[in-house]
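Subject: Structure for you to look at

Hi,

Here is the structure I promised to pass on. Please open it alongside this note, and I will go through what turned up.

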Amino acid sequence: MSRIGKQPITLPAGVTLNVSSANEITVKGPQGELKQQVDRDIKVEVKDGIIEITRPTDQIRHRALHGLYRSLISNMVKGVTEGYKRNLELVGVGFKASNTGNILDLALGYSHNIIFEIPKELKVNTITEKGANPIISLEGSDKQLIGQVAAKIRSLRKPEPYKGKGVKYVGEYIRRKAGKAAGK
């Protein structure tokens, strides 16, 4: 058995899970509603507030999908109850971030500002304090969407290893390299 796949998921109060005939799972909670298509071989059952995921055989494909869908459903349940948050930090002289609704305006050292549209499912907030690096905060119920948008923002100016300038996740460690002068 998959060690991850065989773990049951408890449904918190106020969260409902529906499995349609087309194997589409819908999770509703206080933070919103999420949908996920599940492979037809994997069975999802709800009994007394506990979600159990089962697989038909021990084929490699079924074992892989078993743990995958258990993790995806667990992330959906956590997303609609607590939600997810991802923070990005802009490190560099003159790097700025501001937002108007879900439109993010970034000054990352290029000749022009970058206008980035955040999906409507997410909330964006920018924090700019004097003497500190600007911080972009993304919040929402879909873990996969938050990670994808955060990675796209980070890819606009990845942190470089010599001075550490760029867009990085808060708490991310950047491996630094010595410059040319240190080699002598």
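Let me start at a turn: in the hairpin of β8 and β9, Gly 101 takes a positive phi near 65 degrees, and 2 residues lie between the strands. β8 (residues 96–100) and β9 (residues 103–107) are antiparallel and share 5 bridges, and Lys 96 has Ala 107 of β9 as its bridge partner. Two strands are called paired if DSSP finds at least two bridges between them. Helices (H or I, at least four residues) and strands (E, at least two) are DSSP runs, numbered from the N terminus.

β9 goes on to pair with β10 (residues 114–117), again in the antiparallel sense, over 4 bridges. Ile 103 stands opposite Glu 117 in β10. This hairpin has 6 residues between its strands, and Gly 109 in the turn has a positive phi of about 90 degrees.

Before the rest, a word on the source. This is a predicted model, in which local features need pLDDT of at least 70 and side-chain atom pairs count only at pLDDT 80 or more, while totals for chains, interfaces and linings use all residues. Residues are numbered from 1 along each chain as its sequence is written, and side-chain values use heavy atoms, with hydrogens and water left out.

Now the overall picture. The protein has 2 helices and 13 strands. Its radius of gyration is 21 Å, well over the 16 Å that the globule rule gives for 184 residues, so the protein is more spread out than a compact globule. (The radius is taken over C-alpha atoms, and the rule is 2.2 Å times the number of residues to the power 0.38.) Along the principal axes, the C-alpha trace spans about 60 × 45 × 25 Å.

β11 is joined to β12 (residues 135–140) by 5 bridges, with Lys 123 partnering Glu 139. Contact here means heavy atoms within 4.5 Å; axes are lines fitted to C-alpha atoms, for helices over the stretch in contact, and angles run from 0 to 180 degrees between N-to-C directions.

Another open sheet has 3 antiparallel strands in the order β2-β3-β4, where β2 (16–19) and β4 are the edge strands. β3 (residues 24–29) and β4 share 6 bridges, and Lys 28 stands opposite Glu 33. α1 lies across β2, β3 and β4, running at about 170 degrees to β4.

Finally, the largest pocket has a volume of about 170 Å³. On a 1 Å grid over the protein atoms alone, a pocket is an open set of points where a 1.4 Å probe fits, with protein on both sides within 12 Å along at least five of seven lines; lining residues have an atom within 4 Å of a point. Grid points are joined across faces, edges and corners, and the volume is the space filled by probe spheres set on the points. β4 (32–37), α1 (60–81) and α2 (143–155) each supply at least two lining residues. Among the lining residues are Leu 34, Met 76, Tyr 84 and Asp 142.

Best wishes
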